Amino acid sequence: GEIEKGDAEEGRATEGVPSSFSGGWEEEPAKIHSLNGLGLMFKAGILLKEGDLEDSLRYYQKGLNELMLVRNFRTPSQFSLQNEASIAHIKASMEGIREQFRAQQVELGEWRHP
């Protein structure tokens, strides 16, 4: 059930990250925030596919917040680059969703500035 799935996710997310980095990176907190952020991104993507723009935006924002926290910790450059790529992806996705959302609101005649 749930536990196995979580383990598989973790394996993928941390692929290519050495388990003992010589720079003494702050592995645990960085990994936890990274995995939380990626999980929230995944949930946001599902909500987007289901057409739930508002909740999708909310989850992307939570995911973005988690990934921004990763920047507070010393991490290997590869991990850092992966994190920055995820942050860029979330920001681009949110911009696209906001556009869709505006168009939808205008169509429904309910446009209010978010």
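This is a predicted model: local features need pLDDT of at least 70, side-chain atom pairs count only at pLDDT 80 or more; totals for chains, interfaces and linings use all residues.

Colleague: How many helices and strands does the protein have?

Modeller: Four helices and zero strands. Helices (H or I, at least four residues) and strands (E, at least two) are DSSP runs, numbered from the N terminus.

Colleague: And what share of the residues is buried?

Modeller: 31% of the 114 residues. Buried means under 20% relative accessible area, exposed over 50%, partly exposed in between (1.4 Å probe, protein chains only).

Colleague: Switching to packing. At what angle do α2 and α3 cross?

Modeller: Roughly 165°, and their axes come within 8 Å. Axes are lines fitted to C-alpha atoms, for helices over the stretch in contact, and angles run from 0 to 180 degrees between N-to-C directions. α2 and α3 are therefore roughly antiparallel (over 145 degrees; under 35 would be roughly parallel, 65 to 115 roughly perpendicular and the rest oblique).

Colleague: Which residues meet there?

Modeller: Ala 30, His 33 and Leu 40 are among those in α2, and Tyr 59, Tyr 60 and Leu 67 are among those in α3. By class, this contact has twelve nonpolar, seven polar and four charged residues. Ala, Val, Leu, Ile, Met, Phe, Trp, Tyr, Cys and Pro count as nonpolar, Asp, Glu, Lys and Arg as charged, and the others, Gly among them, as polar.

Colleague: What about α2 and α4, parallel or antiparallel?

Modeller: Roughly parallel to each other. They pack at about 30°, with axes 11 Å apart. The α2 side includes Leu 38 and Met 41, and the α4 side includes Phe 79 and Ile 90.

Colleague: What does Phe 73 touch?

Modeller: Glu 26, Pro 29, Ala 30 and His 33, not counting residues up to four places away in sequence. Contact means heavy atoms within 4.5 Å.

Colleague: How many residues apart in sequence are Phe 73 and Ala 30?

Modeller: 43, yet they are 6.1 Å apart in space, C-alpha to C-alpha. Ala 30 also belongs to the α2 side that meets α3.

Terms used. Residues are numbered from 1 along each chain as its sequence is written. Side-chain values use heavy atoms; hydrogens and water are left out.
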